[in-house]
Amino acid sequence: MAFFQNKSVEALSLLEALIEPQAGLVPRTLNETKLEMAEIQLLVGEIWESTLLYSQVEKAMRNDT
């Protein structure tokens with residue numbers, strides 16, 4: 001949605017709903033979702049928000065390749 005249809009706000013809303021605690025995602029899927037959110041944040045120019053998401057994923061997956 002964000003990259004091909006220019007619907008960044010809608011795409012972020014869907015991803016934010018997906019990462020809520022009651023969604024029950026496994027950690028790897030949660031982190032992949034956060035990476036997608038970070039990419040969209042970069043697309044819309046929210047560099048600080050993107051950096052925060054990247055940092056969260058880096059911290060959570062410290063020992064993962």
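This is a predicted model: local features need pLDDT of at least 70, side-chain atom pairs count only at pLDDT 80 or more; totals for chains, interfaces and linings use all residues.

Reply: Happy to. Residues are numbered from 1 along each chain as its sequence is written, and side-chain values use heavy atoms, with hydrogens and water left out.

Let's start with Asn6, which lies in the segment before α1. Asn6 is exposed because its relative accessible area is 67%. Its backbone deserves a look too: phi of Asn6 is near 55°, a positive value in a residue other than glycine. Most residues other than glycine have a negative phi.

Met1 also belongs to the segment before α1, a helix that covers residues 8-18. Helices here are DSSP runs of H or I with at least four residues, strands are runs of E with at least two, and both are numbered from the N terminus. Met1 has 40% relative accessibility, so it counts as partly exposed. Which residues does Met1 touch, not counting those up to four places away in sequence? They are Asn6, Lys7, Glu10, Ala11 and Leu14, where contact means heavy atoms within 4.5 Å. Thr65 is 64 residues away from Met1 in sequence, and their C-alpha atoms are 28 Å apart in space.

Now for the wider layout. The protein has three helices and zero strands, and from the N terminus on its elements run α-α-α. Confidence is given as pLDDT, the predictor's own score for each residue from 0 to 100. The mean pLDDT of the protein is 91, and 100% of its residues reach 70 or more.

Next, follow Gln41, which sits in helix α2 (residues 27-43). Gln41 counts as buried because its relative accessibility is 10%. Leaving aside neighbours within four places in sequence, Gln41 is in contact with Leu12, Glu46, Glu49, Ser50 and Leu53. Gln41 and Thr65 are 24 residues apart in sequence and 23 Å apart in space, C-alpha to C-alpha.

Leu53 takes us to helix α3. With 11% relative accessibility, Leu53 counts as buried. Its contacts, not counting residues up to four places away in sequence, are Lys34, Met37, Ala38 and Gln41. The C-alpha atoms of Leu53 and Leu15 are separated by 13 Å, and these two residues are 38 residues apart along the chain.

Finally, step back to the whole protein. Of its 65 residues, 23% count as buried. Among contacts with a separation of 6 or more, 37% come from residues 24 or more positions apart. The C-alpha trace spans about 35 × 25 × 15 Å along its principal axes. The accessible surface comes to about 4900 Å², of which 56% belongs to carbon and sulfur atoms; these areas come from the Shrake-Rupley method with a 1.4 Å probe, and for residues only the protein chains shown count as cover.

Notes:
Buried means under 20% relative accessible area, exposed over 50%, partly exposed in between (1.4 Å probe, protein chains only).
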